[in-house]
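This report describes selected local features of one structure, shown below.

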Amino acid sequence: QREHRTEEFRKVNVLMKVPALKDGSFTLAESVAILLYLAQKFKTPDHWYPSDLQKRARVDEYLSWQHSNIRMKGSKLFLCKVKPLCLTNQVLRTFATEELNTALKQFEEKFLQDKPFIAGSEISLADLVAVVELMQPVCAGYDLFEERPKLKEWRRRVEEAVGKQLFQEAHEGIMNIKSLTADQTQPWWEPCQVLGTPGH
Ligand SMILES: N[C@@H](CCC(=O)N[C@@H](CS)C(=O)NCC(=O)O)C(=O)O
């Protein structure tokens, strides 16, 4: 489990974070950079990272925004739900939920609007990055799709586009998070590493 903290892994990613990519002698860190590299290297169907300037800009826009919004707030709440240290702290949990709700509102209003997918009528890398982040709090017990019909429909479309089985497989690990003991979750996460004080 702690493979990412070994000297061997450090040769691939000196930041010692997952994911990391090694392609021959070329190494790359950062999930978004890795996705863009793979899409371009394997010339995936155009809709994943559209060649159309403005559609691509929509994907880039979401990928740039998500780091400090959906990604940060989603993992904050996720950790709040699974870290024993934070489980007892109702204030932290409420604050983290409110922060995520604000980001979700912005996601719906600014990025999804009334389109089937973030870049328009077809699924792109932006939807993939969004859905995996939103599944984190869901798997930790906050079903954020329940009271958000627009988001729920979008998730259904993403699942269909990806394939239900693949979607399921991709989330298997995280779906079991609640059944892992504190001992098993501990090595993965430094104590409340993303839990800053309110406002940070
Ligand atoms: N910005 C990086 C974040 C990488 C990151 O924080 N990875 C986490 C898992 S999602 C990790 O490796 N945590 C283990 C650790 O810090 O020891 C990315 O998008 O790839």
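A search of the whole structure finds 6 aromatic pairs. Rings of Phe, Tyr and Trp (its six-membered ring) are paired if their centres lie within 6.5 Å; planes under 30 degrees apart count as stacked, over 60 as edge-to-face and the rest as tilted.

| Ring pair | Centre distance | Plane angle | Class |
|---|---|---|---|
| Tyr62 and Trp65 | 5.9 Å | 50 degrees | tilted |
| Trp65 and Phe111 | 4.5 Å | 35 degrees | tilted |

The model is a predicted one, in which local features need pLDDT of at least 70 and side-chain atom pairs count only at pLDDT 80 or more, while totals for chains, interfaces and linings use all residues. Residues are numbered from 1 along each chain as its sequence is written, and side-chain values use heavy atoms, with hydrogens and water left out.

**Aromatic cluster**

Tyr62 and Trp65 both belong to helix α3 (residues 53–82), where they are 3 residues apart, about one turn of the helix. Helices (H or I, at least four residues) and strands (E, at least two) are DSSP runs, numbered from the N terminus. The pair of Trp65 with Phe111 links distant parts of the chain, since Trp65 is in helix α3 and Phe111 in helix α5, 46 residues apart. Trp65 is buried at 17% relative accessibility, and Phe111 is buried at 4%. Here, buried means under 20% relative accessible area, exposed over 50%, and partly exposed in between (1.4 Å probe, protein chains only). One aromatic cluster is formed by Tyr62, Trp65, Phe107, Phe111 and Trp154.

**Backbone features**

β1 and β2 pair in the antiparallel sense over 4 bridges, where pairing requires at least two DSSP bridges between two strands. Leu21 has Leu28 in β2 as its bridge partner. The two strands form a hairpin with 2 residues between them, and Gly24 in the turn has a positive phi of about 65 degrees. Pro19, in the loop between α1 (7–12) and β1 (20–23), is joined to Val18 by a cis peptide bond with omega of about 0 degrees.

Positive phi also occurs at residues other than glycine. Glu30 has phi near 80 degrees and lies in the loop between β2 (26–29) and α2 (31–41); its relative accessible area of 46% makes Glu30 partly exposed. Gln113 has a positive phi of about 50 degrees and is placed in the loop between α5 (90–112) and α6 (125–139).

**Ligand site**

Which residues come nearest to the ligand? Of the 10 residues around it, these are Arg5, Lys17, Val18, Glu30 and Ser31; a residue is counted if one of its heavy atoms lies within 4 Å. Polar contacts are pairs of N or O atoms within 3.5 Å. An N or O atom in the side chain of Ser31 is 2.6 Å from a ligand oxygen atom, and one in the side chain of His4 is 2.8 Å from a ligand oxygen atom. Val18 contributes a backbone N or O atom at 2.8 Å from a ligand nitrogen atom. The protein covers 83% of the 520 Å² of accessible area that the ligand has on its own, with areas taken from the Shrake-Rupley method with a 1.4 Å probe.

Technical notes: Polar contact = N/O pair within 3.5 Å; in protein donor to acceptor, adjacent residues only side chain to side chain.
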